[in-house]
Amino acid sequence: MGRFRRLDLMTLMGLALVGLSAGIVSGLSVEQKTYTVHELKAHWSTPYDLVVLPKGTKAVLGSLADPNALDEGTGGITVAQWKKIERLPGVSVAAPLAPVGQTYLGLQVGLIKPGVPGLFRITETFQGRGLPSATSPYVLYYMGPTSGFGWRPPVWGSVVAVDASAENRLVGLKGAVTHGVYFGPDTATLVPASKNVPPALVDVPALVTSSPPVFASDTLTVQLLKSHYSTTKASKYAYEADMHPTLPTPLSALTGSMVFHTTFTDNSLWKIWIDEQTGEPTPRSLGALTISNQNDRPWGESFGGPLLKVGSVSYSRVHSPFPGRWPVALKADPVPCKGVDPTGCGSFVFTGEEFRTLTLQHGLSFGFHVVGEYSPSKLHISVDPLTGVPMVNYAPEEGKVVLSPSGKAVNPPQVAVPDMQPAGLFTQPPIMLVPIKDVLPILSKAPLSSIRIKVSGTGHFSTSSQSTLEAMAARIRKATGLQVEIIRGASPQQVLVHPGNENGYTKVGWIQEAWVKTGAAVEILRQTLLSQDVILLPILVGAFVFALTAGIIGVEVRRKDYATLLALGVAPRSVQVSVVGEGLLYGAVVAALTLVAAIAVAGIRAVGVGMPVALLSGLVISAALVPVARATGRMEPLASLRESLPGLSRAVAPSTVVGMGLTLFLSSVRRQIAAISALLIPGAVFYLIFLVQGSLHHTMYLTSLGQYLLVRVGPLVTLGTVVVVALAILTSAQVGLRNATLRAKTWAIGSAVGWPISVPILASLVEAGAVGLAAGLIGATVAALVGDLLLGVAFQPQIWGEAIGVIVVSGLFAALPSAIIIARQEPISHLRGAGT
Amino acid sequence: MIGCYDVAKVYRQDGVDTPALRWITIEIDTGEHVAITGPSGSGKSTLLALMGALDRPTSGKLTVDGMDLGILTPAERSRYRFEKVGFVFQEFHLLSHLTVLENVLAPFLGRAGERSKHQVRAKELLGVVGLSEALTRPAGVLSGGEKQRVAIARALVNDPDLILCDEPTGNLDSVNGEIVTDLLKRLAETASGKTLVVVTHDPKVAGRFARQIKMQDGRVVV
């Protein structure tokens, strides 16, 4: 610390920063690796390890899987393929799901008796939570004074076939039965077809859920119309309206008075139905209405109903309205029906709100009897919020309406859940489970929509577990040609889904859904370790550049001192030794700081990593001064003693302040190359850091598991960025101060002849901006080429621009104080001495 | 008028105070031509720098046309130098990368519109100092005498009221010294009302001025 206090102070600050940051990064990397592995082990569990899906399923996009896809659609996997998978060594459970269909649960609500004769208009409105309401076409009744009408609300539930043994081993279904019995050896009866009578599958045993997961409400409105028509005419018009609901009739315009209005939730209706089935005592009324089972069958007897197959959904990537928050946005479209009987495809219109196609199962009738009730809450299903992926058929899919159709934020987001619409956007968990062996006769040739698989020996998080899973997935793909996704280690990731242009769902806007990001745990571990390596490397590189720049500038400003010593006969070697000695001293201080900081962060266990990093950082600092020492020893004393005002370039006419700044930039080419070299490495480092951040963004920032871990891992990236920014600023500041010092006489002359203070400041900023731009351009471009050619990471124009921007801004930021200091100094202090 | 009243200047370096001026009180009338003489280290250049607002007095008051230079902000001092003062230094202090004409026009950098207005005057002045053939030559390749003549043209280009010369012949041989001294006197005389203050330790140069202020050890002795 002598005449160049500011430079020396900056050098010491930079070295302290390098030592401390290298130590902190080392300590954090030890601590975070331990933490990350521990947490990944803790959250490694998922309900199943692999899921097998039909080949070419539309429900998987890259590493994201649709949580809806398990138990609906039209199947695609054969029983033979399931059996083949089940027999593979290492497969401990292979539990299939086969969608049987949606069935109408016959509930009779009634009897509604208005008590007065007349023409009545009956309207029914459905309201799903978070989804738009729908009103059915009205119905007209002409009733006498004592007559009434019954009402059958469209209560639907999905029936899914499972393998009794596999399902029990996978989720403990048998243990979750709260009433009745589990599936026994009973088998359903297939009644052959006879003339005009379709074949019938009867007495299929069924387990019914105790928690019907529907969340819609119905509103029934009955109006007495003010009609002047005769009974005969009104009946005729009512009949015509029923036959041609879209055509206007004389009755359409009639006004009416309300005689009945009630609203109730479908959940309550369903609960009543389940209690009926299981023999529980139940109030057989709902508000003013009495309820009856349509078939009025007691516990254990067969109950029949039509079956409808729900079409699947295909997803396509679309531009996200907010890519920073939701990088993945999908458009959901119903898959067109390709049924055997085209007339049946989509023919079932559900209150005008059909989203997916519905196919009526022709040619079969279906009867079942409830043997027991199970509680979904007693199933052995992972409930870990970080890895408890919703890709299970027992939990209702849930979303949040976050953006309106016009793209504006819905605040607070509105929860959207399954409603009574069997063809809705969200999957309803099954209301009934039936044994797959009993319903095979009525299912298609490839009836299974998915198979959930547990693999032996993969209970703990490790790279070998992951390898085992990958090997098993590959084996299943090879054996069956089916699509296999590794679910263990997956984590939910929020995506935006926009329902396609089908009917009323376009009114919903954008729904945020938790999709399944496969391979999240392994990817997170990889990214954590990568980020640690990539952050430490730039710090060491930045340290080297900083020390080199500090050394060069230190020698430059002391040039005349060294030249005087050489002129007096001091041996060049002695001068070199003094410079190297200075470097060794710096290196020792940095190494000590590194080790102390590492131990302070992670304790004594950090010595293993901290010691090599400390030695490396000390070595890097010391090594940086070796070329400086060599250059010092080769200095020509006379030339250095005579050196005065630096020569400036004539490439740009310095008639303006900007011209003067560019002239300064283009002058002293060797010095400017040194300055650009000092800054281009931070430019390259920034590109790499931004690449890491981009990489983290893929899984670390987006999945629940990643976000949880990011609280601990994120600061490392931030620290690395801050350190490199600080080193870039310090390096820039050194360059700026050196330039300002060297140009002090120029500014003093200008000041003496009356230049405004703004001239040296603006010209210095132009020069610093030009240096930063050149350094950023070269550094980021080289890093992009290295990333592209060596690491295989495609060129990222945005990151490239950001890296350049950071260097330019840090250059300007660092140059400003020096320029201001020099500009405000008394000119006389720089005018004394030799000059031109 | 220049007025120095009990002006002192002390330089402090590494905790050591070195007095350069000790309570000087002098007045120089507007239009007066004065030589300040004295041995090296007597404080004459320091006094000149204070008159040109290149530095501030440590104590005392220094006024030019009633304006107290000690209380001006850096921007006001810069403006003062631009509008009122023309400097000629012993070391010339040209910008070597600029041409002769650009050096003469250098005071107008950063002052929009001024540069183009003074192009003609700059060329006239360079003609007066005998360098009209050297307008585009880089200043760095000129001889010492030529450099000082360029510096004189630069000092006059903004038509200042006060011309301050610090050992203008100190780095010149005797022939060039004579030329420069003649030139300064001639230019000052042709522009009536301009104040000329020349610092010199050369008795021959000082002898050409009607008034001489002698300094020694930071004090005015005559």
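What share of the contacts in chain B between residues at least 6 apart in sequence join residues at least 24 apart? In this predicted model, the share is 72%. The report begins with chain B, then turns to the cavities and to selected residues of both chains.

**Chain B as a whole**

Chain B contains 8 helices and 10 strands. It has 222 residues, and 57% of them count as buried.

**The cavities**

The count of cavities of 30 Å³ or more comes to 10. The largest cavity has a volume of about 210 Å³. Its lining is made up of 20 residues, and those nearest its centre are A:Ser751, A:Ala823, A:Gln825, A:Pro827 and B:Arg81. Sorted by class, the lining of the largest cavity holds 11 nonpolar, 5 polar and 4 charged residues.

Three helices each supply at least two residues of this lining: α16 (744-752) and α18 (797-824) of chain A, and α2 (74-84) of chain B. The helix that gives the most is α16(A), with 5 residues.

**Helix α16 of chain A**

Helix α16(A) is mostly covered, with 9 of its 9 residues buried. Among these buried residues are A:Trp747, A:Ile749 and A:Ser751; A:Ser751 is also one of the residues nearest the centre of the largest cavity. After α16(A) comes A:Gly754, which has a positive phi, near 105 degrees.

**Selected residues**

| Residue | Relative accessible area | Class |
|---|---|---|
| B:Asp55 | 7% | buried |
| A:Ala733 | 10% | buried |
| B:His33 | 15% | buried |
| A:Gly459 | 54% | exposed |

B:Asp55 is located in the loop between α1 (44-51) and β4 (59-64) of chain B. B:Asp55 counts as buried because its relative accessible area, 7%, is under 20%. Its side chain is joined to that of B:Lys9 by a polar contact of 3.3 Å, and a polar contact of 3.3 Å also joins the side chains of B:Asp55 and B:Tyr11. Apart from neighbours within four places in sequence, B:Asp55 is in contact with residues of chain A, A:Glu826 and A:Ile828, and with residues of chain B that include B:Ala49, B:Leu50 and B:Arg77.

B:His33 belongs to strand β3 (residues 33-37) of chain B. A polar atom of the B:His33 side chain lies 3.3 Å from the backbone oxygen of B:Lys194.

In chain A, A:Ala733 is part of helix α15 (residues 704-742). Although A:Ala733 and A:Pro817 are 84 residues apart along the chain, their C-alpha atoms are separated by 8.3 Å.

A:Gly459 is situated in the loop between β27 (450-455) and α7 (463-480) of chain A. A:Gly459 is classed as exposed because its relative accessible area of 54% is over 50%. Leaving aside neighbours within four places in sequence, A:Gly459 is in contact with A:Trp44 and A:Arg488. The C-alpha atoms of A:Gly459 and A:Thr46 are separated by 9.8 Å, while the two residues are 413 residues apart along the chain.

Terms used. Residues numbered from 1 in each chain as written. Chains lettered and ligands numbered in written order. Predicted model: local features only at pLDDT ≥ 70, side-chain atom pairs only at ≥ 80, totals over all residues. Heavy atoms only, no water. 1 Å grid on protein atoms, 1.4 Å probe; cavity = no way out; pocket = protein on both sides within 12 Å on 5 of 7 lines; lining within 4 Å. Points joined across faces, edges and corners; volume = space filled by probe spheres on them. Helix = DSSP H or I, 4+ residues; strand = E, 2+ residues; numbered from the N terminus. Nonpolar A, V, L, I, M, F, W, Y, C, P; charged D, E, K, R; others polar. Buried < 20%, exposed > 50% of the residue type's maximum accessible area, 1.4 Å probe, protein only. Contact = heavy atoms within 4.5 Å. Polar contact = N/O pair within 3.5 Å; in protein donor to acceptor, adjacent residues only side chain to side chain.
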